[in-house]
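These are my notebook entries on one structure. I set down what I looked up, entry by entry.

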Amino acid sequence: MIRLNSMLAIGAVSILALTGCNTEKAATSAADSVVQNTTGVTSAAKDKVTGSVSGFTGLQDVVASTKTAVEAGDFATAQTEIGKFEGFWSTVEDGVKAKSSPTYDAIEASVSGVEEAVKSSNKPKAIDSLKALDAAVTTAAKS
């Protein structure tokens with residue numbers, strides 16, 4: 001009986017040890033996955049953090065994704081997408097304003113036009129405003 005209890009205890013410890021190893025392996029695998037996922041951060045997100053001239057990539061991405069949503073008639077998504085504009089714009093707007101006040105004003109007016117058109121589900125106005133916004137952002141990125 002004592003021998004059976006000892007064997008059961010050894011078996012239980014062995015199972016716990018194996019389970020612990022598997023848990024550690026799973027945790028290591030999850031940690032590796034997080035590292036891999038963070039290395040795939042988009043250039044737009046990196047630009048947002050650095051606020052560099054290439055931050056215009058984020059603005060252009062927002063304009064493109066908003067345009068895609070508007071063209072599909074998905075104004076809820078379009079509203080979400082254009083809502084991301086300010087995060088990227090805030091990293092470069094001071095530089096744009098210092099270099100070219102008219103371009104700055106054009107971007108501000110165009111983004112307001114997009115927001116208003118998307119809110120009212122006005123597809124033609126949204127497309128026109130997005131074209132103007134895209135042109136102004138492209139001009140600012142080049143200067």
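**Entry 1. Terms and source.** I call a residue buried if its relative accessible area is under 20%, exposed if over 50% and partly exposed in between, using a 1.4 Å probe and protein chains only. By this rule Val 62, at 3% relative accessibility, counts as buried. I note that this is a predicted model, in which local features need pLDDT of at least 70 and side-chain atom pairs count only at pLDDT 80 or more, while totals for chains, interfaces and linings use all residues. Residues are numbered from 1 along each chain as its sequence is written, and side-chain values use heavy atoms, with hydrogens and water left out.

**Entry 2. The whole protein.** I looked up the secondary structure and found seven helices and zero strands. Helices (H or I, at least four residues) and strands (E, at least two) are DSSP runs, numbered from the N terminus. The order of the elements from the N terminus is α-α-α-α-α-α-α. Of the 143 residues in the protein, 27% are buried. I then turned to contacts, where contact means heavy atoms within 4.5 Å. Among contacts between residues at least 6 apart in sequence, 59% join residues at least 24 apart.

**Entry 3. Helices α3 and α4.** How do the axes of α3 and α4 cross? Helix α3 (residues 56-71) and helix α4 (residues 75-83) have axes that come within 8 Å and cross at roughly 170°. The axes are lines fitted to C-alpha atoms, for helices over the stretch in contact, and the angles run from 0 to 180 degrees between N-to-C directions. Angles under 35 degrees count as roughly parallel, over 145 as roughly antiparallel, 65 to 115 as roughly perpendicular and the rest as oblique. Therefore α3 and α4 are roughly antiparallel to each other. From α3, the contact uses Val 62, Ser 65, Thr 66, Ala 69 and Val 70; from α4, it uses Phe 75, Thr 77, Ala 78, Glu 81 and Ile 82. I sorted these by class and noted six nonpolar, three polar and one charged residues. In this scheme Ala, Val, Leu, Ile, Met, Phe, Trp, Tyr, Cys and Pro count as nonpolar, Asp, Glu, Lys and Arg as charged, and the others, Gly among them, as polar.

**Entry 4. Val 62.** I returned to Val 62, which belongs to helix α3. Apart from neighbours within four places in sequence, Val 62 is in contact with Glu 81, Ile 82, Lys 84, Phe 85 and Phe 88.

Entry 5. Which residues of α4 are buried? I found Phe 75, Ala 78, Glu 81 and Ile 82. They lie on the same side of α4, because they cover an arc of only 115° around the axis. The arc is that of the directions from the helix axis to the C-beta atoms. Among the elements covering these buried residues are α3, α5 (85-99), α6 and α7 (123-142). The face turned away from the buried side carries the exposed residues Ala 76 and Gly 83. Ala 76 has 56% relative accessibility.

**Entry 6. Helix α6.** I located Ser 110 in helix α6 (residues 101-119). Is Ser 110 buried or exposed? Ser 110 is buried, since its relative accessible area is 11%. A polar atom of its side chain lies 2.8 Å from the backbone oxygen of Ala 106. Not counting residues up to four places away in sequence, Ser 110 touches Ser 129, Ala 132 and Leu 133. Glu 108 is also in α6, but is partly exposed, at 27% relative accessible area. Beyond its neighbours within four places in sequence, Glu 108 is in contact with Trp 89 and Glu 93. From Glu 108 to Trp 89 the C-alpha distance is 9.6 Å, and the two are 19 residues apart in sequence.

**Entry 7. Two loop serines.** Ser 100 lies in the loop between α5 and α6 and is buried, with a relative accessible area of 19%. Its side chain and that of Thr 103 are joined by a polar contact of 2.8 Å. A polar contact is a pair of N or O atoms within 3.5 Å; within protein, one must be able to donate a hydrogen and the other to accept it, and residues adjacent in sequence count only if both atoms are side-chain atoms. Ser 121 lies in the loop between α6 and α7 and is partly exposed, at 43%. Most residues other than glycine have a negative phi. Ser 121 is not a glycine, yet its phi is positive, about 55°.
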